[in-house]
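Open the model in your viewer and keep the selection tool at hand. We will go from stop to stop, and at each one you select something and see what is there.

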Amino acid sequence: QAVRADLAILKNVATEDVAGYRAATRSIAANCRKSKPGLAKYCREGLLEVLAHAVAEVPSHPNLVNATLDITLIIAKLIVESAPADGTDGSAAASAAPAAANGSGSAAAGSSAAASAAAAGERPRQQSSFSVGDTVLARR
């Protein structure tokens, strides 16, 4: 499956295939942005755990920092946006909650914490028009 193939590439942060790694991050971002079921599928397959591992390992591979940061911010934003405002269950963020609870990286822990808060049905403190993930992508 394409989902598992993308995640397998993302797990291998020590890869020499930088172009393949970046292509996998772009594929994940496109599929998750396309639909909530796409986001849920990646989350069920362990996307948050893979991102936590990648964020923890990426400092030793500076050529992959931007791609890893981009996909982490994009997924965190999508999870927060897909959380229901009324606290009902059944969203992609709710299905991601068990995976988010297992995040281990220090930077990923922040995004995992945001995902956990979103999955718990908590409303964000402030809605802003500033989109971090989109801004990072716009700088490229």
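Select isoleucine 28, which sits in helix H2. Helices here are DSSP runs of H or I with at least four residues, strands are runs of E with at least two, and both are numbered from the N terminus. This is a predicted model, in which local features need pLDDT of at least 70 and side-chain atom pairs count only at pLDDT 80 or more, while totals for chains, interfaces and linings use all residues. Residues are numbered from 1 along each chain as its sequence is written, and side-chain values use heavy atoms, with hydrogens and water left out.

Is isoleucine 28 buried or exposed? Isoleucine 28 is buried, with a relative accessible area of 0%. Buried means under 20% relative accessible area, exposed means over 50%, and partly exposed lies in between, using a 1.4 Å probe and protein chains only.

Now show what surrounds isoleucine 28. Setting aside neighbours within four places in sequence, isoleucine 28 is in contact with Asp6, Leu7, Leu10, Tyr42, Leu47, Ile71 and Ile75. Contact means heavy atoms within 4.5 Å. Isoleucine 28 and leucine 39 are 11 residues apart in sequence, and their C-alpha atoms are 8.6 Å apart in space.

**Zoom out**

Colour the chain by secondary structure. How many helices and strands are there in the protein chain? The protein chain has 8 helices and 0 strands. Along the sequence, the pattern reads α-α-α-α-α-α-α-α. The protein chain has 140 residues, and 41% of them are buried. Consider contacts in the protein chain with a separation of 6 or more: 69% of them are between residues 24 or more positions apart.

**Helix pairs**

Two packed helices are described by the angle between their axes and the distance between the axes. Axes are lines fitted to C-alpha atoms, for helices over the stretch in contact, and angles between N-to-C directions run from 0 to 180 degrees.

Select H1 and helix H2 (residues 18-34). Their axes come within 9 Å and cross at roughly 135°. That angle makes H1 oblique to H2. Angles under 35 degrees count as roughly parallel, over 145 as roughly antiparallel, 65 to 115 as roughly perpendicular, and the rest as oblique. H1 and H2 cross in a left-handed way. A crossing is left-handed if the near helix is turned anticlockwise from the far one by less than a right angle, and right-handed if clockwise. Show the side chains here. Asp6, Leu7, Ile9 and Leu10 in H1 meet residues of H2, including Tyr21, Ala24, Ile28 and Asn31.

Move on to H2 and H3. These helices pack at an angle of about 130°, with their axes 6 Å apart. H2 and H3 are therefore oblique to each other. On the H2 side, pick Ser27, Ile28, Asn31 and Cys32; they meet Gly38, Leu39 and Tyr42 in H3.

Then select H4 and H5. Their axes come within 10 Å and cross at roughly 145°. The contact joins Leu47, Leu48, Leu51, Ala54 and Val55 of H4 to Thr68, Ile71, Thr72, Ile75 and Ile79 of H5. H4 passes H5 in a left-handed crossing.

Stay on H5 and click threonine 68. Threonine 68 counts as buried, at 1% relative accessibility. Residues up to four places away in sequence aside, threonine 68 touches Tyr21, Ala54, Val55 and Val58.

**Salt bridges**

A salt bridge is a side-chain nitrogen of Lys or Arg within 4 Å of a carboxyl oxygen of Asp or Glu. By this rule, there are 2 salt bridges.

Select glutamate 45 and arginine 4: they form a salt bridge, with the closest N and O atoms 3.0 Å apart. This pair links distant parts of the chain, 41 residues apart. Glutamate 45 lies in the loop between helix H3 (36-44) and helix H4 (47-57), and arginine 4 lies in helix H1 (residues 2-11). Glutamate 45 is partly exposed, at 31% relative accessible area.

Now select lysine 77 and glutamate 81. Their side chains meet in a salt bridge at 3.7 Å, N to O. The two are about one helical turn apart, because they are 4 residues apart in helix H5 (residues 65-82). Lysine 77 is partly exposed, at 24% relative accessibility.

**Last stop: cysteines**

How many disulfides does a search of the whole structure find? The search finds 0 disulfides. Cysteine 32 is in no disulfide, and its nearest cysteine sulfur, that of cysteine 43, is 6.5 Å away. A disulfide is a pair of cysteine sulfur atoms within 2.5 Å. Cysteine 32 is buried, at 3% relative accessibility. Cysteine 43 is buried too, at 3%.
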